[in-house]
Amino acid sequence: MHFTFCPQCGAKLGSVPFGDDGRVPWCKACHKPFFDIFPVVAITMVVNEAEEVALLKPKYMSEKYYNFVSGYVQPGEQAEVCALREVQEEIGIAAKDVRFVCSQWEAEQQMLLLGFVARAHKGDFALSEEINAACWAPVAEALALVYPEGNITHRLLEKYLQR
């Protein structure tokens with residue numbers, strides 16, 4: 001979101017040079033810059049002890065490809081906490097040992113995707129209403145089931161397989 005008006009006082013923003021950032025929106029009344037804001041999403045690849053990955057088909061995404069657990073980082077929430085929370089909410093599995101792997105800017109949706117890998121014990125899924133289907137699949141076979149190359153889901157799998 002690009003600010004035109006100050007979100008605190010409502011004044012129309014001007015712009016000022018701001019160090020290495022170039023010109024940024026500036027409120028003369030509040031004496032503050034307002035940088036563009038955008039949603040941040042945690043994408044989490046959940047791997048179990050059998051080297052299987054949790055694959056999901058959320059209702060709002062592709063019918064053809066599987067994806068990983070994903071969700072928006074809430075204000076004040078650490079991205080790693082979001083990753084684990086979303087795993088619990090979407091598939092009913094308690095994950096642990098979450099670690100950041102990569103990020104990707106999604107230009108079409110204007111959001112930043114943060115890719116994580118987490119470990120979990122294999123178990124039955126308790127799917128949220130957001131998810132149409134989920135399965136455990138061997139990590140090596142999952143590349144053929146997820147979005148093609150260039151997508152963060154594909155990149156997470158590739159990086160995991162290269163380790």
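Me: What should I know about the model first?
Reply: It's a predicted model: local features need pLDDT of at least 70, side-chain atom pairs count only at pLDDT 80 or more, and totals for chains, interfaces and linings use all residues. Residues are numbered from 1 along each chain as its sequence is written, and side-chain values use heavy atoms, leaving out hydrogens and water.

Me: Is Phe 116 buried or exposed?
Reply: Phe 116 is buried, with a relative accessible area of 1%.

Me: How many aromatic pairs are there?
Reply: The count is 7, where Phe, Tyr and Trp (six-membered ring) pair with centres within 6.5 Å; planes under 30 degrees apart are stacked, over 60 edge-to-face, the rest tilted.

Me: How do Phe 18 and Phe 35 pair up?
Reply: Their ring centres are 5.6 Å apart and the planes sit at 75 degrees, so that's edge-to-face. Phe 18 is partly exposed at 29%, and Phe 35 is partly exposed too, at 38%.

Me: And Phe 100 with Phe 116?
Reply: Edge-to-face, because the centres are 5.7 Å apart and the planes at 75 degrees.

Me: Switching topic: which charged end sits over the ring of Tyr 66?
Reply: That of Lys 57, 4.6 Å from the ring centre. Arg 163 lies over the face of Tyr 160, at 3.9 Å. The rule is NZ of Lys or CZ of Arg within 6 Å of the ring centre and within 35 degrees of the ring normal.

Note on methods:
Buried < 20%, exposed > 50% of the residue type's maximum accessible area, 1.4 Å probe, protein only.
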